[in-house]
Each structure stands twice: as C-alpha cells, then as structure tokens.
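Here is a friendly walk through a protein model, going from the whole chain down to single residues. Have the viewer open as you read.

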Amino acid sequence: MEHPENSEEYKGLTVNSGVVHPDSVNPYFKKRAARRPQLSVSDYVEGIVKGNVTVLSQAVTLVESLRPEHQAVAQEVIEKCLPYAGNSVRIGISGVPGAGKSTSIDEFGLHVLKDGGKLAVLAIDPSSEKTKGSILGDKTRMEKLSVHPNAFIRPSPSAGSLGGVARKTRETIVLCEAAGFDKIFVETVGVGQSETAVHSMVDFFLLIQLAGTGDELQGIKRGIMEMADGIAINKADGDNIPKAEMAAQSLRNALHLFPAPESGWTPRVVTYSGFYGLKIKDVWDMVWEYVDFVRKNGYFQYRRNEQSKYWMYETINESLKNGFYNDPVISARLEETERLVLGGQQTSFAAAHRLLEEYRARP
C-alpha cells in the first residue's frame, strides 16, 4: 500500500503521535467493599448486651423489616434480650404538631443525661398515605443529642399504624434496654385521640401543649387529656409567659373534672420553654416525682404487666389480620367481592361476613 506521507515533498513535516486514549476504567473507582456478613442471633445478642450501637441499629432494622426471614431472626433476638430488659424509665411524649416536641426532647435529653446513664429516643415520623414514605428528619431537630455519646436516636416510619406509633416500637424498647439505655423517650406524631398505643408502652405519658393558639379548650375535650400523667406548656418565654400561666391554670381546673387515675396520682401542669431551655428542671422534677410515687404504691409494675398483656392481644390481632389478607384464596376473592359491593349487589357487612366465613372454613 502506498503511503503518501513518505513522499519527498513532505520530508520536512512531522506527524504527531496523537492523544493517548484514556483507560476505559475510571482511575478513581474503588472496588466496592464486600457485603457485610449476616450476623447470627448470638452475634446480635452479644453486641446489643455490650452496648454496640451499630449492632443495635441493625437489630432494630430487622425488627422493622416485613420479610419473614428477618422477622424470625428478630423475634429470636428479642426473646434472648428479654432477661436484660426492663431496667429503664419509659417516657411517652406527645402533643399537637408544631408544639416543639423535637426541640424539647433535645433539651430534656441533655438534662436527664447530666446525672449519667444512657438515653434512647425513638422518634416516630409520620408516613405519607400516598407514597408510604417518611422524611425521618428528627435528628436534624435534635442537634445536641444527635452528637451526644450516650444518646441513641432512632427515627422510624409510622407506616399508618394507630396513633402514629411504629408497629415495632415496643420491641425496639426491649432491645434498647438490653443495650443499657436506662431512659427511653418515645416521641409520637401527635394526632389526638389515637395515642392509646403510646400510652400502652410507657411509664409516664407527657402531653406538650401550647398557649395562645386557641387550643386550650379543644385540648380539654380530647380523650388524650385523660391519659396524660403530666402536661407541659411549651414556649413560656417573653410576652407569652402570662398566656402560658393562664392556660396552665385552665388545664389544672379542667383536670379536676376527670375521674381520678388508677395510679392515685393527680396529673400536674407546668410551663417551660424548650427553645430557650427555661424551667426544664420543673418538667423533670414532676416526672421523677411521679415515678417514685407509683413505684412505692406498686402501680409501676402493675401498669407494665397490663401493657404486656395488651401487646400480647395486639400481636394476636395483627397476626390474624395478616393471615387473612395473605391467604391466596381470600386475596383472589377480595377483588371480586369488592366489585359486588361497589355495584350495590352486596352490602359491606354481608361481604365481609362471607369472606370471614370462607376463611374460617379453610383447612
């Protein structure tokens, strides 16, 4: 083949070698680390009991998982952690959205950790009804606690469960107690009447209210007031102090109208400011006074026993519900039955009764 570049007329010209072709593999690419090996049940238990927060977090993820194989491991881990659990004070914290729960918990946490011990905050984040997703951003509002060496913050999606309480929060409490956390905060979404689920897993139920929002009388009417062991009115600072004190007095008067609690304790009302950290001690003096009171009269252990019984029945109900909806025959019949109901050929009650009868009749 003739190469014209070798001709005499081009003798004075030089040909550059050209651009070096880059490697097809990114030089900054790092080989992905090997997937972390799956821990055994004994590994989980050993790590949790030693207070390893990483292992604790992995165990909580297992508890929250809906996969059957994860659930089997999680239940075994919980069972083996039970002997190490029960040595904490569990505080439920609720209130209307915007009441300053997360900011207050940041201050509350620093206050209770001054005397030592470890604190776990189980923050329940509301899930979207459409996408089922959650922001899980509570750590951003607990700036001081999130970097405290003795604090563990775990946001969980509410997943549409009653009162915004994550379905597995109670089991997570057991794991946290086994890991040596002697104070547990359960922060709820704060939706009003359906806070029963939180009340049934804590020793003290603190209701955070606001003054000057027109919510005082509305709060008195809600059933949540009867569940509260103490009420704290937030944002009692500056010009808002007189309004907060007035709201506190209104609530104290209202509490006298409710039946006396089983514990024998008369719920208190205090004011404080979570943002400025004012009168935080007053809130916790009330909490510790209540805990001492119910421990002396035996109600503390009685309430815990009742809670264990409640959650046993709740678990049975949930298991039956899951069994019904996961049954392949029922799943196939649901769509057809739904069409009959929507077409007015069958009432909702008759349709439900027929499906349940069919489910019970299956071997």
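## The whole chain

A residue is called buried when its relative accessible area is under 20%, exposed when it is over 50%, and partly exposed in between, using a 1.4 Å probe and protein chains only. By that rule, 43% of the 363 residues in the protein are buried. The protein has 13 helices and seven strands, where helices (H or I, at least four residues) and strands (E, at least two) are DSSP runs numbered from the N terminus.

This is a predicted model, in which local features need pLDDT of at least 70 and side-chain atom pairs count only at pLDDT 80 or more, while totals for chains, interfaces and linings use all residues. Residues are numbered from 1 along each chain as its sequence is written, and side-chain values use heavy atoms, with hydrogens and water left out.

Contact here means heavy atoms within 4.5 Å. Among contacts between residues at least 6 apart in sequence, 74% link residues at least 24 apart.

Which residues of α3 are buried? They are Gln71, Ala74, Val77, Ile78 and Cys81. These residues cover an arc of only 125° around the axis, so they sit on the same side of α3; the arc is taken from the directions that run from the helix axis to the C-beta atoms. On the other side of α3, Pro68 and Glu79 are exposed. The cover over the buried residues of α3 includes α1 (41-49), α2 (53-64) and α5 (169-178).

## How the helices cross

Two helix pairs deserve a look. Axes are lines fitted to C-alpha atoms, for helices over the stretch in contact, and angles run from 0 to 180 degrees between N-to-C directions. Angles under 35 degrees count as roughly parallel, over 145 as roughly antiparallel, 65 to 115 as roughly perpendicular and the rest as oblique. A crossing is left-handed if the near helix is turned anticlockwise from the far one by less than a right angle, and right-handed if clockwise.

The axes of α3 and α5 come within 9 Å and cross at roughly 50°. That angle makes α3 oblique to α5, and the crossing is left-handed. Gln75, Val77, Ile78 and Cys81 of α3 meet Glu171, Val174, Leu175 and Ala178 of α5.

For α1 and α2, the packing angle is about 130° and the axes are 8 Å apart. These two helices are therefore oblique to each other, and their crossing is left-handed. The contact involves Asp43, Tyr44, Gly47 and Ile48 from α1, together with Val55, Leu56, Gln58, Ala59 and Leu62 from α2.

Tyrosine 44, in α1, counts as buried at 3% relative accessibility. Leaving aside neighbours within four places in sequence, tyrosine 44 is in contact with Gln38, Leu39, Val55, Gln58, Ala59, Leu62, Val73 and Val77.

Leucine 62 belongs to α2 and is buried, at 6% relative accessibility. With neighbours within four places in sequence set aside, leucine 62 is in contact with Tyr44, His70, Gln71, Val73 and Ala74. Between leucine 62 and alanine 72, 10 residues apart along the chain, the C-alpha separation is 9.2 Å. Glutamine 71, in α3, is also buried, at 16% relative accessibility. Not counting residues up to four places away in sequence, glutamine 71 touches Leu62, Val63, Ser65 and Lys168.

## Two lysines with positive phi

Where is lysine 235 found? It is in the loop between β6 (230-234) and α9 (241-255). Lysine 235 has a positive phi of about 65° although it is not a glycine, and it is partly exposed at 36% relative accessibility.

Lysine 279 lies in the loop between β7 (268-271) and α10 (280-297). Its phi is positive too, at about 60°, although lysine 279 is not a glycine. With a relative accessible area of 39%, lysine 279 is partly exposed.
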